[in-house]
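Please look over the charged and aromatic contacts in this model. My notes follow as numbered points.

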Amino acid sequence: MTTASTGQNSTTPGSDKPETPSPFRDTGFRWFFLGRLVSLFGSAMTPVALAFAVLQRTGSPNYLGYVLAAQMIPMVAFLVISGGIADRYRRDVLLRVANLGSGITQAGVAVIVLVDAAPWLLVPVAFLNGVMEAFTTPALRGIVPQLVPTGSVQRANSVLSSSRNAIRILGPTAAGILVATIGGGWAIAIDAATFLFAAACMARVTLPSKPKAASGNLVRELTEGWSYFRSLPWVWSITIACAAINAVQVGIWQVLGPVIANGTIGSTGWGAVLSAKAVGLLVLSLVMFKLTVRRPLVTGLIAVSATAAPLVLLGTGPTIVWLAVASFVAGAGASLFGIIWDTTLQTKIPNTMLSRVTSYDDFGAFATIPLGQLAVIPAAAALGANNVALFGGIILFVVALTPLLLTSVRTMTSTEAPTQG
């Protein structure tokens with residue numbers, strides 16, 4: 001199981017029950033938290049700003065799919081290698097470099113949008129941004145157990161999730177207003193600045209040592225990580241489910257959603273709907289700061305199946321009120337699942353193996369997203385946008401619950417070590 005590098009559980013006076021320490025007791029976590037908070041503030045505006053900026057500039061939903069896929073493909077392609085590097089070298093240094101690179105590339109996106117340059121230039125810049133993101137994700141998922149005690153991991157994940165979701169409540173609405181008034185380029189420029197600020201904050205995070213990988217050869221270490229990953233059915237079964245969920249959900253929500261909204265509730269309404277989803281994400285992330293779930297995987301999978309609701313409503317004819325309610329429920333379910341999944345991985349898998357295992361998890365879960373982004377518009381042209389959204393929601397609901405067929409998923413508890421079968 002994962003061990004923390006700093007901190008010990010304390011005992012409440014007059015009680016024999018250990019008190020879970022606050023993750024903010026660690027200086028490194030405080031700087032890490034600040035960097036993530038500021039960076040995510042800018043990122044909260046980017047999806048809406050970029051989507052409508054591309055649609056306004058080109059008038060082509062296909063172009064939006066190209067740009068999003070250009071960012072996602074390198075992110076997926078480099079995930080496994082970056083997982084091995086994050087287990088091999090210091091994660092704090094990797095995060096500094098990755099945030100700096102993300103700030104530079106996002107600034108490039110902002111310049112292209114603001115000066116009305118050729119829209120095809122967004123594709124290579126989005127590709128570079130995806131490369132930076134690939135080297136960020138495994139380090140982020142592996143660094144939390146190094147910054148806080150094992151008993152504080154769920155609290156740390158809850159705090160990070162709560163702050164992320166809180167700043168996303170106003171971000172999409174602000175982006176919708178910016179798009180409708182002065183355009184989305186300035187929102188993207190703010191995102192670039194926040195990445196640079198995050199890089200400065202990460203410079204104040206210093207880990208006691210780099211992770212100690214199992215061998216001195218990167219290829220061998222990646223092979224060991226793969227062997228460990230596939231020895232855990234509770235991991236790979238949920239990874240496969242997430243692959244299908246993400247292909248359906250991201251393709252429909254990010255690409256087809258703005259297209260449907262553009263002809264119905266508009267950019268401001270779509271921003272409000274995304275903010276409602278962020279409220280759901282926030283509420284459950286706050287609840288998870290105190291709540292302990294006995295059967296984490298069962299609870300998480302049931303919760304994430306709720307993300308089907310807004311897709312079904314998109315297919316049956318969206319209104320702002322009902323779509324906002326469904327998005328709130330979906331956000332709550334996604335938040336609960338995300339915190340449970342990260343905490344389970346971080347507490348059940350050794351830290352020396354964690355970035356590699358999570359990189360395989362992320363690779364499997366994200367690899368299908370570009371397919372969904374590229375296929376959803378042709379599918380909508382052939383079958384109708386509303387039908388694609390409706391049946392996509394139904395498929396998502398069924399797939400989310402499929403891993404419950406495995407005993408190791410149903411019997412996983414928050415306190416016991418995972419079974420191998």
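1. Is Arg-90 buried, partly exposed or exposed? Arg-90 is partly exposed, at 28% relative accessible area. The terms are set as follows: buried is under 20% relative accessible area, exposed is over 50%, and partly exposed lies in between, with a 1.4 Å probe and protein chains only.

2. A word on the basis. This is a predicted model, in which local features need pLDDT of at least 70 and side-chain atom pairs count only at pLDDT 80 or more, while totals for chains, interfaces and linings use all residues. Residues are numbered from 1 along each chain as its sequence is written, and side-chain values use heavy atoms, with hydrogens and water left out.

3. Salt bridges come to 3. The rule asks for a side-chain nitrogen of Lys or Arg within 4 Å of a carboxyl oxygen of Asp or Glu. Arg-90 meets Asp-92 at 2.6 Å, N to O. Asp-92 is buried, with 1% relative accessibility.

4. Asp-92 also pairs with Arg-96, where the closest N and O atoms are 3.4 Å apart. Both residues sit in helix H4 (residues 91-114), 4 residues apart, about one turn of the helix. Helices here are DSSP runs (H or I, at least four residues), numbered from the N terminus. Arg-96 is partly exposed at 23%.

5. Glu-224 forms a salt bridge with Arg-356, with the closest N and O atoms 3.8 Å apart. This pair links distant parts of the chain: Glu-224 is in helix H8 (residues 218-230) and Arg-356 in helix H14 (residues 351-366), 132 residues apart. Glu-224 is partly exposed at 27%. Arg-356 is buried at 0%. Elsewhere, shared partners join Arg-90, Asp-92 and Arg-96 into one salt-bridge network.

6. Aromatic pairs number 9. Rings of Phe, Tyr and Trp (its six-membered ring) pair if their centres lie within 6.5 Å; planes under 30 degrees apart are stacked, over 60 edge-to-face, and the rest tilted. Phe-78 and Phe-135 have ring centres 6.3 Å apart and planes at 35°, so they are tilted. Phe-78 lies in the loop between helix H2 (61-77) and helix H3 (79-88), and Phe-135 in helix H5 (residues 122-147), so the pair ties together parts 57 residues apart in sequence. Phe-78 is partly exposed at 30%. Phe-135 is partly exposed at 23%.

7. Trp-226 and Phe-229 are stacked, because their ring centres are 5.6 Å apart and their planes at 25°. They are 3 residues apart in helix H8, about one helical turn. Trp-226 is partly exposed at 39%, whereas Phe-229 is buried at 5%.

8. Phe-29, Phe-32 and Phe-33 form one aromatic cluster.

Notes. Helices (H or I, at least four residues) and strands (E, at least two) are DSSP runs, numbered from the N terminus.
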